[in-house]
Amino acid sequence: MAKRDYRTDEIIVHWDSSRCIHTGICLQSLNSVFNLRQKPWVDVQAARADEIAATVEKCPSGALTYTRLDGAGEAPPQTTTVVPTRDGPLYVRGDVEVRNSDGELVAAGYRMTLCRCGHSQNQPFCDLSHRDVDFTDNPLVIADHRREAADPSGVSRKSAG
Ligand code: SF4
Ligand code: FES
């Protein structure tokens, strides 16, 4: 896992690979700057600082953040939202602090994707382990799988109705 800074005279883009959940949003939003075919993959010279900042703010995980050298930072979101993604992490936006059961601060930021499956090796953040364990958030699907495993013929389901 790596942390990198990419800078111009106007902006520094901070990259924390441990937080990236590979949505591709940055690549699709501003491909001249965020492009996996170039080295380094972030070219901060390729667009205006405003465009880069706007794209960084779309990063749901907080893997990308920035510092503006004129002092204009990212504004905290007006509201705090927590959105479960299908079979995946919670997308959180807001002026958020995550604390452990002792009340100690473990993470803070405006954007983060929090593990919902319990299997991340980078708690409290999602590290895509939910894919390895086939995490599903649909209790009906889980119930179906359990019924099928117990009764592959489906006889008990037919007779239950
Ligand atoms: S937008 Fe953020 S989470 Fe998505 S690929 Fe880019 S850096 Fe990773
Ligand atoms: S939700 Fe992604 S690792 Fe747990």
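Predicted model: local features only at pLDDT ≥ 70, side-chain atom pairs only at ≥ 80, totals over all residues.
Helices (H or I, at least four residues) and strands (E, at least two) are DSSP runs numbered from the N terminus. The strands β4 (residues 81-84) and β5 (residues 90-99) run antiparallel and are joined by four bridges; two strands pair if DSSP finds at least two bridges between them.

Residues are numbered from 1 along each chain as its sequence is written, with chains lettered from A and ligands numbered from 1 in the order in which they are written. Local features need pLDDT of at least 70 and side-chain atom pairs count only at pLDDT 80 or more, while totals for chains, interfaces and linings use all residues.

Turning to the open sheet, its three strands follow the order β1-β2-β3 with antiparallel pairing. Its edge strands, β1 (3-7) and β3 (64-68), each pair on one side only. From one strand to the next, the twist averages 20 degrees (axes are lines fitted to C-alpha atoms, for helices over the stretch in contact, and angles run from 0 to 180 degrees between N-to-C directions). Five bridges link β2 (residues 11-16) to β3, and Val13 stands opposite Tyr66 in β3. Helix α2 (residues 49-56) lies across β2 and β3, at about 145 degrees to β3; contact requires C-beta atoms, placed from the backbone, within 7 Å.

Note on methods:
Contact = placed C-beta atoms within 7 Å.
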